[in-house]
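Good morning, and thank you for joining this meeting.

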Amino acid sequence: MHPERIFHNGDVFTADAAAGRAQAIAVAGGKFVAVGGDLDVKGLAGPGTELVDLRGRMLLPGIVDVHNHHLRGGQSDLYELKLLPTMSLDAVIEAVRARCAATNPGEWVFGGIWGSHLVEAIGRAGALAALDAVSAAHPVMLRDDSQHNRWVNSCALKLIGITADTPNPPDGEILRDAGTGAAAGLLLERASGLAEQAVERSIPDLAARNKASCRRAVEILNGFGVTAFQDATTVLPFLEALAALDRAGELNGWCVTSLPGQRTLSGADFVGDALIARRETYRTRHVRPDFIKLFMDGVPTTRTAAMLTPYRATRLQGCCFCGDPLISIPALVRWIAKAEQYGMRVKVHCTGDAAVRDTLDAVDVVRSFNGPDDGAGPVHQIAHAGFVDPADIPRFRALNVAADLSPIIWYPGPIQQAIRAAMPDERADCYWPLRDLHEAGALLAAGSDWPVVANPDPWLGIEGMITRRNPKGGYDGALWPEQALDLETVLRIYTINAARAMGLSALTGSIEAGKSADFIVVDRDLFATAPERLSQSKVLSTWFEGRCVHEAS
């Protein structure tokens with residue numbers, strides 16, 4: 001069979017260590033059938049083969065995003081109030097005022113994201129009254145840039161059913177006025193689920209909205225060159241939307257899902273064994289429900305990450321508070337063992353170095369009982385892996401645990417500023433030890449954590465990994481510049497490494513004969529581009545299974 005298309009006269013970065021670079025590729029039946037030099041590959045052409053002249057442009061594998069919340073991102077784009085994490089409190093309130101003025105009375109106004117630097121201001125007396133003053137006729141819910149916390153107004157508190165007597169949910173907190181005990185409008189960690197559930201109850205056809213959000217999310221991902229992704233917390237309605245989209249032939253990407261083992265920040269009804277038992281019902285060609293998602297801690301910005309050393313002293317927490325893990329090591333061992341029994345893997349949220357250590361300890365226990373498979377064992381993931389004690393860095397390779405590097409905050413920015421307010425400078429600055437992990441042989445994979453970041457643009461992360469500076473500007477300095485990586489390593493992190501971490505490397509992640517024809521064409525020679533200009537790269541076209549799913553206008 002002759003190829004359907006041959007792309008030639010290009011600069012092909014294959015991400016295949018054996019093949020290196022090439023000039024041309026041939027595609028047939030949705031797969032790569034040849035990769036090599038122009039003469040050899042063009043010699044395979046038949047009468048019906050379309051020849052595509054790349055005119056020297058660079059072609060590389062589709063981007064693989066190891067960590068996003070795609071449906072939330074699509075929902076944000078289609079339906080929600082959009083805030084920037086750099087906005088002041090007054091600017092956030094003004095944005096709410098404008099949205100309320102354009103919204104029918106009684107309807108929810110929800111969205112985000114507000115910056116972590118506003119946590120203290122939102123928790124003070126007067127912030128709730130200021131929000132109420134511009135939104136009295138509307139319930140309001142706003143997510144923060146960690147997606148772990150919500151700010152709601154008094155109307156929303158009433159609809160949710162929160163009063164001064166409402167107890168804190170497990171692993172969550174309803175912030176209260178110190179004088180009256182009344183809810184102050186700030187919901188931390190799993191208390192956020194109370195607000196999310198109230199919003200969902202207000203949507204007339206949630207399934208249709210979820211499917212539309214999923215479709216839009218994949219369109220956005222394709223526009224940035226993403227052809228495979230791992231949804232980081234896939235509750236049942238999200239799984240239903242993905243499967244429905246794929247069965248309709250509308251899912252233009254590989255999706256690995258992560259089924260929550262615990263109660264989630266969205267307050268989902270089905271979690272743990274009840275959700276895992278349903279997973280095969282929603283397995284399709286492109287939807288792979290192969291991971292269990294667990295949360296070992298919260299986030300450092302609200303001092304809920306589990307750290308080995310104390311946070312800055314506060315009046316309430318004292319001088320020695322390090323945060324607490326959400327799962328004991330024995331319970332985590334049971335979850336990992338269960339995942340392996342089911343033929344699944346785990347993605348464990350760990351933003352603190354104590355949570356990372358506990359997770360590595362738990363994997364070590366399971367490895368000692370189950371034994372490695374072919375010398376490695378199933379690849380489990382530690383999600384975020386931003387703070388890692390130096391003693392634990394070699395353990396990633398030894399235990400075959402992948403470091404999920406997300407979100408794109410390893411350069412100075414609002415979240416890093418908030419972390420520095422919570423932690424001593426010397427610890428806050430030792431963030432994202434990428435070079436140390438890479439040199440220790442750890443499998444590094446990159447993700448966006450969209451919509452924790454405003455969009456899933458991988459080129460910002462690619463530049464940030466190399467420069468350790470903020471590609472968007474506005475912040476001076478570099479974050480631990482000694483941990484910078486080179487471009488080729490970073491491109492592998494965003495392609496074949498992420499595919500390996502997700503269990504998709506036999507299908508995608510590199511340009512090799514027999515793999516899915518997932519690739520992108522970009523507007524520049526990345527290797528001839530100044531590092532500080534890499535974030536300006538544009539994807540000219542995105543191809544999934546040999547079909548063009550995005551073309552720049």
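I shall speak about a sheet, a helix, an arginine and some aromatic rings.

This is a predicted model, in which local features need pLDDT of at least 70 and side-chain atom pairs count only at pLDDT 80 or more, while totals for chains, interfaces and linings use all residues. Residues are numbered from 1 along each chain as its sequence is written, and side-chain values use heavy atoms, with hydrogens and water left out.

Let me begin with the sheet. Helices (H or I, at least four residues) and strands (E, at least two) are DSSP runs, numbered from the N terminus. Two strands pair if DSSP finds at least two bridges between them. Here six strands make an open sheet with mixed pairing, in the order 3-2-7-22-23-24. Its edges are strand 3 (21-22) and strand 24 (547-551), each of which pairs on one side only. Within the sheet, strand 2 (residues 11-13) and strand 7 (residues 58-61) pair in the parallel sense over two bridges. Asp-11 has Met-58 of strand 7 as its bridge partner.

I turn now to helix 9. The expected span of a helix is 1.5 Å times one less than its number of residues. For the 12 residues of helix 9 (residues 236-247) this gives 16 Å, and the end C-alpha atoms are 16 Å apart, so the two agree. Which residues of helix 9 are buried? Buried means under 20% relative accessible area, exposed over 50%, and partly exposed in between, with a 1.4 Å probe and protein chains only. The buried residues of helix 9 are Leu-236, Phe-238, Leu-239, Ala-241, Leu-242, Ala-243, Leu-245 and Asp-246. They pack against several elements, including helix 2 (70-79), helix 8 (206-223) and strand 16 (254-260). After helix 9 comes Gly-249, whose phi is positive, near 75 degrees.

Asp-246 leads us to Arg-285. The two residues are 39 apart in sequence, yet 7.7 Å apart in space, C-alpha to C-alpha. Arg-285 is in the loop between helix 10 and strand 17. Is Arg-285 buried or exposed? Arg-285 counts as exposed because its relative accessibility is 52%. Contact means heavy atoms within 4.5 Å. Leaving aside neighbours within four places in sequence, Arg-285 is in contact with Asp-246, Trp-254 and Glu-545. A polar contact is a pair of N or O atoms within 3.5 Å; within protein, one must be able to donate a hydrogen and the other to accept it, and residues adjacent in sequence count only if both atoms are side-chain atoms. The side chain of Arg-285 makes such a contact with the side chain of Glu-545 at 2.8 Å, and another with that of His-286 at 3.4 Å.

Trp-254 brings us to the aromatic rings. Rings of Phe, Tyr and Trp (its six-membered ring) pair if their centres lie within 6.5 Å; planes under 30 degrees apart count as stacked, over 60 as edge-to-face and the rest as tilted. The structure holds nine aromatic pairs. In one of them, Trp-254 and Phe-544 are edge-to-face, with 5.9 Å between centres and 75 degrees between planes. Trp-254 lies in strand 16 and Phe-544 in strand 23 (residues 539-544), so this pair ties together parts 290 residues apart in sequence.
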